[in-house]
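Good morning, colleagues. Please take a moment to look at the model on the screen before I go through its fold, its salt bridges and its surface charge.

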Amino acid sequence: MEIDIEKKSEERVVLSIDKILDEARVLGCSDVHFTTKISPVVRLHGTLRKLSSYPEMTEGMIMKLVEQLTGGRNVENIKNHIDTDFSYITRRGYRHRVNVYHQRGNTAISIRLLRNDIPTLEDLDLPEILGEFSMRPRGLILVTGPTGSGKSTTLAAMIDYVNVNRSAHIITVEDPIEYVHEHKRCMINQREIGDDVETFALALRAALREDPDVILVGEMRDYETINAAVTAAETGHLVMSTLHTTCASDTINRIIDVFPAHQQGQIRTQLATVLVGIIAQTLIPRADNTGRVAAVEILNATDSIKAMIRDNKVHLIQTAIQTGRNVGMVCLDQELARMVKEGIIDEPHAREKCLDPNEFERFLKG
């Protein structure tokens with residue numbers, strides 16, 4: 001389906017959502033945005049750019065694009081000013097994650113371009129310990145970072161590692177489904193919020209009756225979901241999920257702070273028992289301008305780390321990560337310094353992402 005728009009100059013312009021998305025994919029973009037009074041905007045290697053070959057968008061044009069992207073209940077929700085998430089597949093078979101929202105009374109669209117193939121941990125140049133985490137029989141693995149830092153891609157690679165290397169029943173709960181997994185050595189059931197189940201918390205509670213070995217939760221958004229995920233990990237399942245935090249210690253504090261004060265001692269004990277590891281990551285432009293690369297901080301939940309969590313000494317964890325390389329831990333500032341020294345990324349970009357400028361400087365000179 002295409003849209004015809006009459007411009008004031010009488011020039012005839014044809015907009016096709018598939019055409020725009022295909023162009024963005026050829027350019028290597030990660031996101032496409034549509035909002036009123038500006039041409040479509042793409043994010044290329046982390047930087048926003050206008051597609052100036054297209055006209056400034058109007059509310060009518062954006063709603064026509066919405067009708068190409070989806071129908072039925074989603075369109076009704078959008079017309080009722082309800083923020084709506086769904087997935088979209090182009091005629092060429094490429095998948096996209098779509099969010100439609102409203103600003104100043106007008107409709108706007110944000111689309112994330114997804115890979116059709118599932119990358120391996122080796123493809124993403126991620127440490128081997130992520131594969132070790134993925135093979136644990138039970139516990140909680142968290143991948144954290146800001147929006148657009150590649151968390152979903154890392155989780156997809158970890159799920160694929162399980163799919164290739166062990167026999168298990170994997171249940172994923174996503175909003176929406178981003179990477180479609182095939183059955184390999186594992187049986188994989190993927191549930192989408194809205195279409196298959198109402199909420200993450202409900203899906204997690206139901207999953208305990210569905211004989212899973214591994215449960216992937218797209219995002220731990222609220223108390224109910226976090227509580228259900230920790231409970232699932234406690235009852236003998238391997239649970240993987242994401243949080244929007246920038247480092248391992250912040251992640252632990254965020255989980256604990258979600259709970260009421262009188263329950264925080266209990267959740268520290270539970271978290272210390274179930275935590276397997278935390279991968280905090282960020283994406284940084286490559287020095288050769290060929291794309292972006294992930295810089296990661298890795299916390300391996302050793303006995304000493306578990307004791308720090310249990311004893312409310314989370315502030316000591318960052319130091320433990322710096323000295324824990326022999327057990328697979330990676331310090332983000334140290335990793336950024338290494339990547340600068342090896343010419344993978346530029347120093348200014350690394351400084352923007354470092355946690356402690358003084359520590360980063362010390363590692364850079366060390």
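Let me begin with a definition: helices (H or I, at least four residues) and strands (E, at least two) are DSSP runs, numbered from the N terminus. This is a predicted model, in which local features need pLDDT of at least 70 and side-chain atom pairs count only at pLDDT 80 or more, while totals for chains, interfaces and linings use all residues. Residues are numbered from 1 along each chain as its sequence is written, and side-chain values use heavy atoms, with hydrogens and water left out.

In these terms, the protein chain has 14 helices and 15 strands. Its radius of gyration is 22 Å, close to the 21 Å that the globule rule gives for 366 residues, so the chain is as compact as a globular protein of that length. Here the radius is taken over C-alpha atoms, and the rule is 2.2 Å times the number of residues to the power 0.38. The C-alpha trace spans about 70 × 55 × 40 Å along its principal axes.

Of the 366 residues, 53% are buried. Buried means under 20% relative accessible area, exposed means over 50%, and partly exposed lies in between (1.4 Å probe, protein chains only). The areas come from the Shrake-Rupley method.

I turn now to the salt bridges, of which the structure holds 17. The criterion is a side-chain nitrogen of Lys or Arg within 4 Å of a carboxyl oxygen of Asp or Glu. Which residue does R97 meet in a salt bridge? The partner is E178, at 2.7 Å, N to O. R97 lies in strand 7 and E178 in the loop between strand 10 and strand 11, so this pair ties together parts that are 81 residues apart in sequence. R97 is partly exposed at 22%, whereas E178 is buried at 9%.

A further pair is R221 with D175, whose closest N and O atoms are 3.0 Å apart. D175 is in the loop between strand 10 and strand 11 and R221 in the loop between strand 12 and helix 7, so parts 46 residues apart in sequence are tied together. D175 is buried at 18%; R221 is partly exposed at 44%.

Finally, the surface: E122, D123, E128 and E132 form a negative patch. Patch residues have over 30% relative accessible area and no salt bridge, and like charges are joined within 9 Å. Asp and Glu count as negative, each placed at CG of Asp or CD of Glu. E132 belongs to helix 4, residues 129-134.

Terms used. Patch = residues over 30% accessible without salt bridge, like charges linked within 9 Å, V, L, I, M, F, W, Y side chains within 5 Å. Areas by Shrake-Rupley, 256 points an atom, 1.4 Å probe, with all protein chains shown as cover.
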